[in-house]
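Subject: Structure handover

Hello,

Here is the structure I promised to pass on. Please open it alongside these notes.

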Amino acid sequence: MTAPITQLRGLLGDALDANLHGRLSRFIVDEHSPAIEIFAPAHRQQNREGDWYGEHAGKWLYAAAKAAARSGDADLLARLRRVADFLVSSQEPDGYLGTYAPDRRFMRPQPPKPASWDGAPSVRTWDIWTHAYLILGLLEVHRHFPEPRYLDAARRIGDLCWRTLHEGGIDITELGNHHGMSATVLMDPAVELYAVTGEQRYLDLAQHVLQQANDNRELALLPRALAGTDAAGIATGKAYQLEWNLVGLAKLHKATGNADYLRAVDQLWRSIREHHLTLGGGPWGGVAHRSREVFNPPGVFSPYGYVETCSTLSWIQLNRELLAITGEAAYAEEIERSAYNDLLGAQAPDGEDWCYYVFPNGRRVHT
C-alpha cells in the first residue's frame with residue numbers, strides 16, 4: 001500500500017476507512033465475483049431476468065475509484081483496473097454492456113406487462129438503470145486513472161442510448177418501472193458525458209430523456225414539479241428514483257442555465273425536506289398500502305416507517321449538487337444530518353455489513 005493521499009478523520013472518516021477495508025475491498029475482487037460475472041458474455045446471452053443486480057458493477061467502480069485515489073491503496077487499485085478492464089472487454093460492438101440476452105435488451109420493444117405492475121409496461125425494467133451506473137462508474141475510473149478505453153466504453157454506451165431513443169424512436173419511459181423513473185435516471189450520466197467530452201449529443205440525449213419524462217402522463221416530471229406537486233405525487237413517488245432524477249435535472253440546469261430546471265428541483269427538494277424525512281434525515285415511506293421505498297402522502301407519519309439506505313445516499317447526492325450550484329448552507333446541513341444519522345446508522349462497525357432499511361424505532365438488521 002502506498003501512502004494515503006487524503007486522510008479523513010472523525011466519525012465519517014472512520015466509517016470510510018472501515019468501508020474501504022470491509023465491503024469495498026471484499027464485495028468485488030475480480031471478474032469472478034458474483035456482481036461481475038453476470039456481465040460475462042456466456043451468462044449474458046441466456047439471461048432473461050436479473051432485476052437490478054447489474055447496478056453493483058457501476059456503483060462499485062465509482063466508489064472504488066474514489067477510494068483508491070483517496071487512499072493510495074495499491075491492492076484496491078489493481079482490483080479496480082482488473083474489473084474495469086473485464087467489463088470493457090465484455091462490451092459488444094454496438095456499445096451494449098448490460099446483463100440481458102439479445103431479446104430482452106433495452107434496444108427492443110418488449111411485450112406488455114399487466115396493468116397491475118407499478119407503471120412498468122415492459123418485461124425487463126433495469127437495463128437502462130444498469131447502464132446509467134456503468135457510465136458513471138467508468139467515467140469515475142477515467143477521472144482518477146485516465147485511460148482512453150474507460151472513457152470510450154462510457155461514450156459507446158451513451159451513443160447506443162442516443163441511437164435507441166432518438167433515432168430508434170423508443171420511449172425511455174417504456175424501459176423502466178415506476179412509470180419510467182428507473183430509466184429516466186439516464187439524465188445524470190448523459191450530462192456527465194457531456195461535461196467530460198464537451199460533445200453536444202450527450203447534452204441532447206439528457207434533454208431528450210427529460211422531454212420523454214415530461215410527456216409521460218403518469219410521470220410528467222417537469223410540469224408536475226413546477227406546478228408544486230408533492231414528491232409523493234410524481235409517478236409512484238419512489239424516493240430513490242425520484243431523487244436520482246432530480247440529481248440529473250440539477251446537472252442539466254448547470255449545463256444549460258435553464259432556470260425552470262432548478263426551480264423544479266427546488267420545489268421537490270422543499271417537498272421532501274418538509275414532509276418526507278425522518279428526524280435522522282432519511283427519506284422514508286411504508287405506511288398503509290405504500291411500498292417501503294415510496295413516499296407517503298404529506299402529513300402521514302409513523303416512527304416505524306422505513307428508510308431505504310439507497311434513498312438516503314441519493315438525497316445526499318441531490319443536496320451536494322444543490323450546494324455546488326447555490327452555495328447555500330441549508331444543503332450542507334441536510335448532507336450532515338443524513339450522513340451522521342441514517343447513513344452511519346445503516347453501516348455496521350466492521351464496514352462489511354449494511355442495513356437495507358433503517359427506521360427510527362426498532363432494531364437495525366444488517367443484511
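A residue counts as buried when its relative accessible area is under 20%, and as exposed when that value is over 50%. On that basis, buried residues make up 55% of the 367 residues in the protein. Please keep in mind that this is a predicted model.

Overall picture

The protein has 16 helices and two strands. Its C-alpha atoms fill a box of roughly 50 × 50 × 40 Å along the principal axes. Take the contacts between residues at least 6 apart in sequence: 68% of them join residues at least 24 apart. The protein exposes about 15200 Å², and carbon and sulfur atoms supply 54% of that area.

Helix 14

Helix 14 runs over residues 259-275. Its 17 residues reach 24 Å from first C-alpha to last, close to the 24 Å expected at 1.5 Å a residue. The buried residues are Y261, A264, V265, L268, W269, S271 and I272. They cover an arc of only 160 degrees around the axis, so they lie on the same side of helix 14. The general rule is that an α-helix has 3.6 residues a turn, so residues three or four places apart point the same way. On the other side of helix 14, A259 and E274 are exposed.

What do the buried residues of helix 14 pack against? Helix 11, helix 12, helix 13, helix 15 (309-326) and helix 16 (329-346). At the start of helix 14, a side-chain oxygen of N258 comes to within 2.8 Å of the backbone nitrogen of D260.

Helix 10

In helix 10 (residues 187-197), M187, D188, P189, A190, V191, E192 and L193 are buried. Their cover includes helix 7 (127-144), helix 8 (148-167) and helix 13 (239-256). Helix 9, helix 11 and helix 12 are also among the elements that cover them. Just after helix 10, G198 takes a positive phi of about 75 degrees.

N214 is found in helix 11 (residues 200-215). Its relative accessibility is 15%, so N214 counts as buried. Beyond four places in sequence, N214 touches A220, L221, L222 and P223.

S33 is found in the loop between helix 2 (23-26) and helix 3 (34-37). S33 is buried, with a relative accessible area of 6%. Leaving aside neighbours within four places, S33 is in contact with F27 and I28.

Best wishes

Note on methods
Residues numbered from 1 in each chain as written. Predicted model: local features only at pLDDT ≥ 70, side-chain atom pairs only at ≥ 80, totals over all residues. Heavy atoms only, no water. Helix = DSSP H or I, 4+ residues; strand = E, 2+ residues; numbered from the N terminus. Buried < 20%, exposed > 50% of the residue type's maximum accessible area, 1.4 Å probe, protein only. Contact = heavy atoms within 4.5 Å. Expected span 1.5 Å × (residues − 1). Arc of directions from axis to C-beta. Polar contact = N/O pair within 3.5 Å; in protein donor to acceptor, adjacent residues only side chain to side chain. Areas by Shrake-Rupley, 256 points an atom, 1.4 Å probe, with all protein chains shown as cover.
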